[in-house]
Structures are given as structure tokens and as C-alpha cells.
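Subject: A structure for you to look at

Hello! Here is the structure I promised to pass on. Please open it next to this email, and then read on for what was found.

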Amino acid sequence: MPLLWLFILILALGLLGFILGRTRALKDAHGDIRLLHSLPNYYGSNVLLAVLIPGLAVLLLWLILQPMLIQGQVSSMIPNTAYTDKGSLNLVMSDVRRVAEGLDIAVEQGSLTREQARDIRTELTDIRARLGAVGVALGSNVESYVLKAAQKYRTMNAVGNWMMTVAVLGAALAGFAVSMLRTNKDMRARNSVEKVILGLLIGAASIAILTTLGIVLSLIFNTIEFFKLYPALDFFFGTTWSPSFGGGSELGILPLFWGTLYVSIIALLVAVPIGLFAAIYLSEYAGPKVRAIAKPLLEVLAGIPTIVYGLFALLTVGPMLMTVFGSDGGLGWMQGGRSVMTAGLVMGVMLIPFVSSLSDDIINAVPQAMRDGSLGLGATKSETVRQVVLPAALPGIVGAILLAASRAIGETMIVVLGAGAAAKLNLNPFEAMTTVTTRIVSQLTGDADFASAEALVAFALGMTLFVITLCLNIFALVIVRKYREQYD
Amino acid sequence: MNDMRIVRKDVDMNDTKISAKKVQVFYGDTHAIKDVDVEIKDKTVTAFIGPSGCGKSTFLRCLNRMNDTIDICRVEGNILLDGEDIYDKRVDPVQLRAKVGMVFQRPNPFPKSIYDNIAYGPRIHGLAKNKADLDEIVEKALRRGAIWDEVKDRLDAPGTGLSGGQQQRLCIARAVATEPEVLLMDEPCSALDPIATLQVEELIDELRENFSVVIVTHSMQQAARVSQKTAFFHLGNLVEYGDTEQIFTNPQDERTESYITGRIG
């Protein structure tokens, strides 16, 4: 039975369960709602959930496990001579799946009968041509073991699907029956529904956490692979970055790291004062009308995609800097529009709303009593801000700045377009430099061999970046938390 | 010696420090204070009493223009400090607040050290010539705030780490450190326990030697204990103003009598 139909069937069964469960509970209470432990809809929902949860759980498990089992069975049919390592086995297996799909399509279109598809032989038929005729193009002639494996794959899949339908419907019906039998007027349907909701919420929370874990793990494995191919010491302390896919590349992170750091520092030098001053103006000086207009406007900046900022850097800021610092007519410090300064300035603009809106919230959280106390002593507004409000908000503001810093470090698009691609260890902010993130992009795009150090270095770079931003974020959170305790 | 002090006090008590005439306060459309006339004497404790929402705190905040910080608040009428209109355009509210200090309902020490809390006012007004001078001012203020003995060994500790009563005395000391001429107190004891309240009340009595003190309070016993003059506010009006003893023993207005005997409020 196709998956969609199975799914719809379970849903329908659940709905039926809802109606029947509700009716049964009401009947048990002789139609008097007051005699029920819970509201009638809870009894209905209880049956509905008792159908859906086992049904969908079995479905999901089956969908995950069946391909794994079949894969294991079928791949044992491939002779050892056909592959050298796991990668090429995967290639053969994808051929097998493709042939199996092709046979399915051929049967569906009637060019092969069911029996033919099962018994067909490479020795007797040109499979490639037959499948090509129904629109399935194969890269090479089909080996006999591939075809056999594909045929096995097909039969196992068919049996598996049939068993899955039975198992799923069985589970759903069992849930239906058990919950219906348990439905009576004293049953605590409300509590059990509540438990399911709790489970749902826990599930959502754990998905977020597990995903993070998964990301970290996938990075870690590839990073370990990389360090098997390339010495860690050279990676962390090498001062040259010159990857060449022919081999003999030098993959020192320092020039990239310096680029990231330099661009981020310039960005923060722009964003922190401007953002902070904007926040102070908005929270302490601006009237409600100005605030109502200015704050959303400032936050619009945060909604601009970073690629647009990148274009702004490339087309506007770069040429503008060139006219002042460039070689013709300017100071001669700048060779081209792409430079650390270009990217840093634009990234700074991008971070302004980030810093200002976080700082604004934090400044607003400083109790009015602090301001009153200071004003009551004859301090002016700016003295109050400088000496009372800002020191009180300082930990929170530091947290905001650190969060902005981790965004700056992870930023890619602006740097790709604004800072250039040359990995250099240089102090001149008008030189083109490159950052960790842009190198990750360039190492993984293109036709690189995924098992080479040149491609795997991207994961090591990503891991380094991840660790750095994670540390910054944790540091920021600790500071923000410490600040919170002050006014509780 | 004693005689001289009493004589001086009698003379001082005749000086009017603040004189308010026909003061009206509006919060948006709400008429919060109606036609209030009051004369606050120098070196006297004046208590404002009345039920919640009667406008006594609002009126207190007019005396050092703290209401300026509230956008929708509008003040009309004349308030003279030493004969000068404090709502005159030439008067700088910041300078005024240095002369008319304020202590708030809830202790609000800055998240700084005890020393820096006290030194805050003197520093912004440039009252100290050097560090030694500032140390002296801080010690004097803390002594006047009756908290010196408790904190002298930990002046570097944060002011927010003190107990509620200590914090409030710290705030009083902080207000005193700028050498104001008038000290406004907005229910200074409402967040304190009875023992801390007693300490603050004793402190207020001592402060009278140097300042004119205006205190808003919900406790009639407190008004009777600490003040020489009492004003009773009701629904934005100043109902009765006179010597504390007279207000509590022989009120002229029946609303005052109802309030102090507990029938309204």
C-alpha cells in the first residue's frame, strides 16, 4: 500500500476513534457531562492519540530500519572484487537502487511483466536498452550481480512494504481497541492527554539539542579524518595558506584566522559605538513618538540579507574607499576595492541593529529608581547615563557585544564580496584578505575529492570557528546571567 | 549651650524655605493637585499625610522638579525656594535638585561601592578639592546617615549588598553628602522593618538641625513622632496645614479628623 494511503488511513482511524471515544464516554455518563472526569473532547483526543502514536511510531521506525536491513542484505550479494572500499561499495549500491527503480518503472509502464522483472537475465537481455526505453538512463552496462542484487532489492522491498502496512495498521488498531476499552466516565483522559502534550514539548526541545549534537559530531568525524591526513601542528601554527588540489598544499589557519579577526575587529569598532549610542538615545532621550518610528527602522537593518550587504560593499563602499585611499588620486594605500576595511565597515553596519536593539533592552531593564536616584542628586541626564545607567547595564552590554562578535566571526557573504580571496598575514587594513568562512566555502565548492586533505580542511576550519564562537557565546551568556541576578 | 540651640531653632523656624502658591499638577487629563498653598519652614520636619492617591507624593516631586522627567506631567502655579520661582525658565532643574535633595520610597543604591555611592553627588558637583577632602565628605555623610559604624570597614563593598534598612540610610547619607538645603523624603520607611524605621526616624530628627525636611508618610504615628508641621492632603487638595500637635489633637477640618481617627483613608 502506498505510504500516503497508509498515512491517510491511520488519520481516518484516529478521527473515527475521536468520535467513538467521545460518544462512548458520554454514553457511560448517560449524557451528563458533569459525571465525566474530563471534558468529552479529552476522551476523544485520548483515543485519537492512542491510534496515531503507535501507528505513526511503527511507520517511522519501519521507514528508518527497512532500508538499513535491506541494504545490509543486498550489499552482501555484491562480490568483493567489485569494490575496493566503502565509497565504491556505495556507488555500486546506488547503481543497484537505480536499476531496481528502473525495473519498477518498467513494470508500471507495462514494458515488462512482473515475472519478467523478477527473472530477467543480463546474459539474455540488454537491460540498459530496455530501461533506457522507459526513460531510466543508466551510466554503464548492467553487471549481472547488480541486476541480481536489484531484483533481490525489489522483492525484499515489496515484502517489507507489505509487512509494514500490516504492522502499522495492527499497531493503530491495537491502540484503538485498548483505549476504547479503557474509556469510561471515571477514566482520567485529561491527564493522559496532558502527558502526551508534555512528551510533545520534550520531543521538540530534544530535537533542537540533538541537531546541535549531530552537527558537532559530523564536524568532529571529518575533522579527525583531516588530522589523519595533515598534521595538527602545521594546521594551527602554519603561516601559509596555499591549498593545491594536486597535493603539496600548505594549510595553515593563521592567515585566515587573522583575516577573520581583523575584519571582525573593524566591524565591532564601527558597530559598538554607533549601536550603543543609538541605544542610549532611543532608551534615554528619545520621546515615545521618535522611538516608535526609529526603533523599527533601525531593526529593518537587521532584516537585510547579508548578500545584499555584500553587494553594497562591492559596489558602493569599495569604490568609495578607493577614491580616498586608492592609487589614482588617493593616498595610494589601496590596491583594489576589496579590502579588510571595506568588509569591516559594511559588516559593522550590519551589526549596528544587533548591538543597539540588545543594548536598548538591557538599558531599559535598569530600574527607573536608579535614574531617579541620580537625577534627585542633581546629576544631569548624561551624567546619569554615563555614571549610573551604563555601569549598571555594562555586563549586559558586554554580553550583547560578544554575541555581535560571534556573528561577525561567522559572517561569510559580506567577506566573500568585500574582503577578497588572498590569504595574507598583513597589518594594512586596505589590503585584500580572506577569512575562515570564505575559505570553507571555496574548499568545498567545485569538484574536489571529498577524501583529500584540501577538502577535509574545511571541516577543521569549521570546527575551529564553531569552538571559538561557542566559547564567545557561553562567555556572553555567563555575563548576561550574572547581570540578571543583580536586580532580582 | 542648650539654651542657645533652642533660641536659634526658634528663630530659624520662622523662616520660610519653600512657599507654594496655587499649585496645580496635571497628569495628562487628570487633575492630580488642585490649588495647593503651603509654606515650608526652614530647619523643620514637615509631614505630608493623606490616603493613597491623594497627591502628596506628586506634590513632593514638584518641589525639586522631579516631575519634569515624566513627559505627560504639567505643573502650574508658583513654587518659591528662598523667594525664587523654581519653575522660572532661568532656573536649571539640575542645579535645583542639588539644592533640594530627595530620598525615595524604596532604597535605590547604585550598583557601585558604598564609597562611590556617597561620593557620587560630591563628585558631579565638584565639592571636593582632593581625595582626602572627598574621604572626609564621605565619612561625614555616612556619620550623618547613622551608618558609618556599620560600613566603615567595608567601604569598597557594593551598596546593593547591604540590608534594606542600611540601604535606605545609605541613600539618605548619599542625599546629605551633596549638602542640600531641603531634603525631600517620599515614604522613606515604607520598605523597612520597625527597627530600621526607628533608626531612620531618629536620623530624620537629627537632620533637622541642618536641613529643612519634608517627609511623605502613610503612618500617622510616624508623622506625629518626627514632624513639627503636618499637611493633610485629600483627593488632590491640601485640606489642612498646621503644627503637628494641633493637627493630631485638634483638627479643624472634619475630613482631617476622620482620617486621623481612622474613618476614611
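How many helices and strands are there in chain A? Chain A has 17 helices and two strands, where helices (H or I, at least four residues) and strands (E, at least two) are DSSP runs numbered from the N terminus.

Before you go further, a word on reading the model. This is a predicted model, in which local features need pLDDT of at least 70 and side-chain atom pairs count only at pLDDT 80 or more, while totals for chains, interfaces and linings use all residues. Residues are numbered from 1 along each chain as its sequence is written, and chains are lettered from A and ligands numbered from 1 in the order in which they are written.

**Overall form of chain A**

The domain assignment, which is automatic or from a database, gives domain 1 (2–187) and domain 2 (241–487). Their centres, taken over C-alpha atoms, are 49 Å apart. Along the principal axes, the C-alpha atoms of chain A fill a box of roughly 90 × 75 × 40 Å.

**The cores**

In chain A, 38% of the 488 residues are buried, meaning that 20 or more other C-beta atoms, placed from the backbone, lie within 10 Å of a residue's own. A nonpolar core is a set of buried Ala, Val, Leu, Ile, Met, Phe, Trp, Tyr and Cys residues joined through C-beta atoms within 7 Å. The largest one has 157 residues, and A:V346 and B:V214 are among those with the most contacts inside it. Helix α9 (residues 254–285) of chain A gives the largest share of this core, 16 residues. A second, separate core of 21 residues includes A:L13 and A:F176.

**Where the chains meet**

Contacts (C-beta atoms, placed from the backbone, within 7 Å) link 17 residues of chain A with 25 residues of chain B. On the chain A side, α13 (368–376) and α14 (381–410) each supply at least two residues. The largest share, six residues, comes from α13(A).

**A sheet in chain B**

Chain B has an open sheet of four strands in the order β2-β1-β4-β5, with antiparallel pairing; strands pair if DSSP finds at least two bridges between them.

Happy exploring!

Terms used:
Two residues are in contact if their C-beta atoms, placed from the backbone, lie within 7 Å. A residue is buried if 20 or more other C-beta atoms lie within 10 Å of its own, exposed if 12 or fewer, and partly exposed in between; C-beta atoms are placed from the backbone.
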